[in-house]
Amino acid sequence: TVGSTMLESSGINAEYGGKLERYLAAFRDFSAKEYVYAYLDMEKAFFCDSDCAEEIADGLYSCCAKKAMETVRRKSTKKALIKTVESVWGLVFEEKLPNINKLMTVMDLEKFCGKQTDVYGRINDACDALEA
């Protein structure tokens, strides 16, 4: 397809490109449920690949990022975000709202990546030690 040709020519590897293409297709098709799963799949490929996680973390994850993600995961913040999404959902999608809590799993990269990489756990430990 045109999209996959563009991804290949941009230097994006085939595995990640396929996940990105699935994500974009979910937007194009207005498939909320597919969007959630495609998003999670793409994020897992991006953040959790054991060959690249260290480099990704160096560029995108810090004690400040950890703190921001913890703020988003707080019950009150999470509740407000979900309420906001629920308020505008019907304006964008005709289908029912998927489980937004699944999207929130990305806000804890250590848990989200699991055994694929320990880089986020090591950074989290270092941040916790700095705060102590």
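K66 counts as buried, with a relative accessibility of 7% (buried means under 20% relative accessible area, exposed over 50%, partly exposed in between, with a 1.4 Å probe and protein chains only). This is a predicted model, where local features need pLDDT of at least 70, side-chain atom pairs count only at pLDDT 80 or more, and totals for chains, interfaces and linings use all residues. Residues are numbered from 1 along each chain as its sequence is written, and side-chain values use heavy atoms, leaving out hydrogens and water.

**Where K66 sits**
- K66 belongs to helix α5, residues 63-73 (helices are DSSP runs of H or I, at least four residues, and strands are runs of E, at least two, numbered from the N terminus).
- Leaving aside residues up to four places away in sequence, K66 touches Y61, N124, C127 and D128 (contact means heavy atoms within 4.5 Å).

**Salt bridges of K66**
- Side chains of opposite charge can pair when their charged atoms come close.
- E70 forms a salt bridge with K66, with the closest N and O atoms 2.6 Å apart (a side-chain nitrogen of Lys or Arg within 4 Å of a carboxyl oxygen of Asp or Glu).
- Both E70 and K66 lie in helix α5, four residues apart, about one turn of the helix, and E70 is partly exposed at 30%.
- D128 also forms a salt bridge with K66, at 2.9 Å between the closest N and O atoms.
- D128 lies in helix α9 (residues 119-131) and K66 in helix α5, so this pair ties together parts 62 residues apart in sequence.

**Other salt bridges**
- By this rule, the count is four salt bridges.
- E54, D118 and R122 are linked in a network of salt bridges.
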